[in-house]
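Please keep the sequence and the model in view while reading.

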Amino acid sequence: MADAPSHPQSLSNDKIAERLKAIAQGWSHPLRSPILRTPADEGLDYEDITFPSQDGVALEAWFIPCSGSNRLVIANHPMMFNRYGCPTHLEPWRSFGAATGNTFEVDYVPDYRLLHEAGYNVLTYDERNFGLSGSGNGGLNSGGRYEARDVIGSLLYARGRQDLKDMAIGLFSRCNGANANLYAIHTQPDYFREVRCLLLCQPLSIRSVMTRELAAMGLEDRVDQLDREIRLAASLTFDQMSPNSWARSVNTPTFLYQVHDDVLTTPADVQATFDAIPISQKKLHWIEGTSLRWDGYLEFQRRPEPMLAWLDEYMA
């Protein structure tokens with residue numbers, strides 16, 4: 001998020017327009033971040049692998065085997081992050097979360113160790129335009145729409161690899177990656193008929209996060225103007241990037257978790273995504289006592305028991 005101006009009411013319309021264009025460009029062309037740790041740092045054997053997205057973009061990944069297990073968790077990540085996480089304790093990535101206090105490292109590698117210790121093979125990949133994966137769609141962000149092809153590519157890879165093709169599959173998806181899963185399910189449900197369950201960490205409507213950002217800047221009356229700038233930069237509107245509508249197509253048991261007081265969104269937005277899921281096999285887990293979104297990203301490694309119980313219930 002951008003830093004809030006001290007006196008937004010004093011900004012001219014031209015200066016406000018410049019700010020909105022900068023926000024739109026920054027969102028539409030997010031930074032890549034480096035991979036600073038590997039599974040070896042947690043004592044895990046792993047393979048460096050690559051496979052194509054559904055549309056051919058080369059995706060870089062790790063496969064972490066678990067001897068004797070026939071269960072596979074496929075994991076992805078938020079915007080600007082990668083399979084390792086994100087070094088938001090370092091510049092320039094620190095500036096991305098500075099206005100909201102999200103200035104500490106998110107390291108997902110411990111998540112993979114916990115999954116391995118619980119008896120799961122793990123496949124985790126960098127989405128297009130992030131980490132070490134190839135570029136697609138001109139490097140444009142899409143709120144999960146283009147990245148949905150990466151989700152399907154990961155499923156095709158698992159089903160096409162001899163030692164993985166008969167495994168039970170669960171999907172562990174975070175933020176932009178969760179959006180991508182939901183859009184893929186909404187548009188191409190046949191690929192998900194044999195997926196046993198979903199773990200969704202903090203899916204997010206783009207309108208919700210942008211409305212919150214503008215309110216923090218004192219520009220809450222400029223949401224429609226920013227919507228137009230995003231469309232000019234990325235050819236998509238806010239309402240074309242909302243998991244609230246995509247979730248109605250989910251027919252897979254789903255565990256959704258979210259920081260309740262996350263300053264980057266509202267509980268109502270997340271609740272709407274959850275309520276749209278039309279099956280009874282679903283659970284919404286609120287994380288209390290913090291307003292930091294990054295705490296939600298680290299929740300699994302801090303308190304994994306409810307998520308592991310969900311996986312165990314549906315992937316036995």
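In helix 6 (residues 206-216), the buried residues are Ile206, Ser208, Val209, Met210, Glu213 and Leu214; buried means under 20% relative accessible area, exposed over 50% and partly exposed in between, with a 1.4 Å probe and protein chains only. Helices are DSSP runs of H or I with at least four residues, numbered from the N terminus. The model is predicted, so local features need pLDDT of at least 70 and side-chain atom pairs pLDDT 80 or more, whereas totals for chains, interfaces and linings use all residues. Residues are numbered from 1 along each chain as its sequence is written, and side-chain values use heavy atoms, without hydrogens and water.

The buried residues of helix 6 pack against helix 1 (13-28), helix 7 (223-234) and helix 9 (267-276). After helix 6 comes Gly218, with a positive phi near 75 degrees.

Met210 also belongs to the largest nonpolar core, which has 63 residues; Met210, Leu115, Leu226 and Leu311 touch the most other members. Such a core is a set of buried Ala, Val, Leu, Ile, Met, Phe, Trp, Tyr and Cys residues joined through side-chain atoms within 4.5 Å. Helix 12 (residues 305-315) contributes the most to this core, six residues. Beyond its neighbours within four places in sequence, Leu226 is in contact (heavy atoms within 4.5 Å) with Leu20, Ile23, Ala24, Met210, Leu214 and Phe238. Another core, of 40 residues, lies apart from the largest one and includes Leu164, Ala180, Ile185 and Val270.

Ala180 also takes part in a helix pairing: Ala148, Val151 and Ile152 in helix 4 meet Ala180, Asn181, Tyr183 and Ala184 in helix 5.

Terms used. Helix = DSSP H or I, 4+ residues; strand = E, 2+ residues; numbered from the N terminus.
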